[in-house]
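I opened the model today and kept notes as I went. The entries follow in the order in which I looked things up.

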Amino acid sequence: MSRNAAIVLMLCVAVAVSSCRNRSKQPTDTVSSGVIKISADESFRPLIQQEIDVFEGLYPAAEIIPEYTSEVEAINLLIKDSVRLAVSTRKLTQPEINTLNEKKLFPKEIKIATDGIALITNKQNTDSMLSLPNLTKILTGKITKWKELDPQSKLGDIQVVFDNANSSTVRYAIDSLCGGAPLYEGLSAQGNNPQVIDYVAKTPNALGVIGVSWIGNKGDSTNLSFSDRINVMRLSREDPAMVANSCKPFQAYLALGRYPLTRDVYILLTDPKSGLASGFTTFISSDRGQRIILKSGIVPATQSIRLVNVRENL
């Protein structure tokens, strides 16, 4: 073989190897198969895990690996293109959209549910109602003792606990309840939602702030009761809070807008080739996926399912 022929052969082999390597790096997932990683605000771990379990049961060739983390980190993973699907309680900001567009990623924002934020207390606590004005005062440090709410209380300081300092629950408290003002420095974060429940269940003077999907009674298919480990407070938009103007975060009251603390839940999707991330999003938005949301105790985005449930639970 001549020297020129050998060089040509080597170049052909190199091109072929390079081509194979490039093909191996291409995503191989489809709408119902493959392996992907997603990120989700830890507030929605019970719901998203149920959706994953059912989806993988229907499509055995699919594997979805969730990373449950703070809302800030869940969105950061999407911005860095480490995942193509994130579950959040906010839409992307324009700078975030611009960053994704620069990477040739054009995000979609799909509302999948309406969630409620519950206030939970220890079983020994006899305070059962709270107004939004007083809640704001607690969060900003203007009210720090249970006696300021109920002169008969013997519980001492109010120990407010959140899940995570970067969670959607903390952001909601700052933006929607405190008008952007910082939270009182005496508040604390436990790390995750199960730890919030554990802390409140053991601490008589604690006040936990937590997503509704974490406190449901798993044995109650009607979603008309909550976990018996803790008490769930009634909330009122007006002060003073009374039975007539307050309610607990039951599913029907979330759907009707009667419960004061609600927030939308979104899937943030960047999946240009419509692969498994898109397939999973379609499933969650479908009738079956929305009924899983219905059973979790929060409100599905699908209007027909939401209205039927409200009628049944009133």
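Entry 1, terms and ground rules. Helices (H or I, at least four residues) and strands (E, at least two) are DSSP runs, numbered from the N terminus. The model is predicted, so I kept to its limits: local features need pLDDT of at least 70, side-chain atom pairs count only at pLDDT 80 or more, and totals for chains, interfaces and linings use all residues. Residues are numbered from 1 along each chain as its sequence is written, and side-chain values use heavy atoms, with hydrogens and water left out.

I looked up what comes after H5 and found glycine 141, with a positive phi near 85°. I then asked which residues of H5 (residues 132-139) are buried. They are Leu132, Asn134, Leu135, Ile138 and Leu139. Buried means under 20% relative accessible area, exposed means over 50%, and partly exposed lies in between (1.4 Å probe, protein chains only). Seen down the axis of H5, these buried residues fall within an arc of 160°, so they line one face of the helix. The arc is taken from the directions from the helix axis to the C-beta atoms. An α-helix has 3.6 residues a turn, so residues three or four places apart point the same way.

I also checked what the buried residues of H5 pack against, with contact meaning heavy atoms within 4.5 Å. The list has strands E4 (108-121), E5 (129-131), E6 (159-162), E8 (206-211) and E10 (234-236), and helix H6.

Is E8 enclosed or open? Six of its six residues are buried, so E8 is largely enclosed by the rest of the structure. Ala206, Gly208 and Ile210 point one way from the strand, while Leu207, Val209 and Gly211 point the other way. In a regular strand the side chains alternate between the two faces of the sheet.

Next I looked up the neighbours of E8; two strands pair if DSSP finds at least two bridges between them. E4 pairs with E8 in the antiparallel sense, over five bridges. E6 pairs with E8 in the parallel sense, over three bridges. Glycine 208 of E8 stands opposite isoleucine 120, and glycine 208 is also the bridge partner of valine 161.

I counted a salt bridge where a side-chain nitrogen of Lys or Arg is within 4 Å of a carboxyl oxygen of Asp or Glu. How many does the structure hold? It holds 12 salt bridges. Side chains of opposite charge can pair when their charged atoms come close.

One of them joins glutamate 71 and arginine 171, with the closest N and O atoms 2.7 Å apart. This pair links distant parts of the chain, 100 residues apart: glutamate 71 is in helix H3 (residues 71-79) and arginine 171 is in H6 (residues 168-177). Glutamate 71 counts as buried, at 2% relative accessibility. Arginine 171 counts as partly exposed, at 25%.

Arginine 171 also forms a salt bridge with aspartate 175, at 3.8 Å from N to O. Both residues lie in H6, four residues apart, about one turn of the helix. Salt bridges that share partners join Glu71, Arg171 and Asp175 into one network. Aspartate 175 is partly exposed, with a relative accessible area of 45%.

I looked up the buried residues of H10 (residues 287-296) and noted Gly289, Gln290, Ile292, Ile293, Leu294 and Ser296. Glycine 297 follows H10, and its phi is positive, near 100°.
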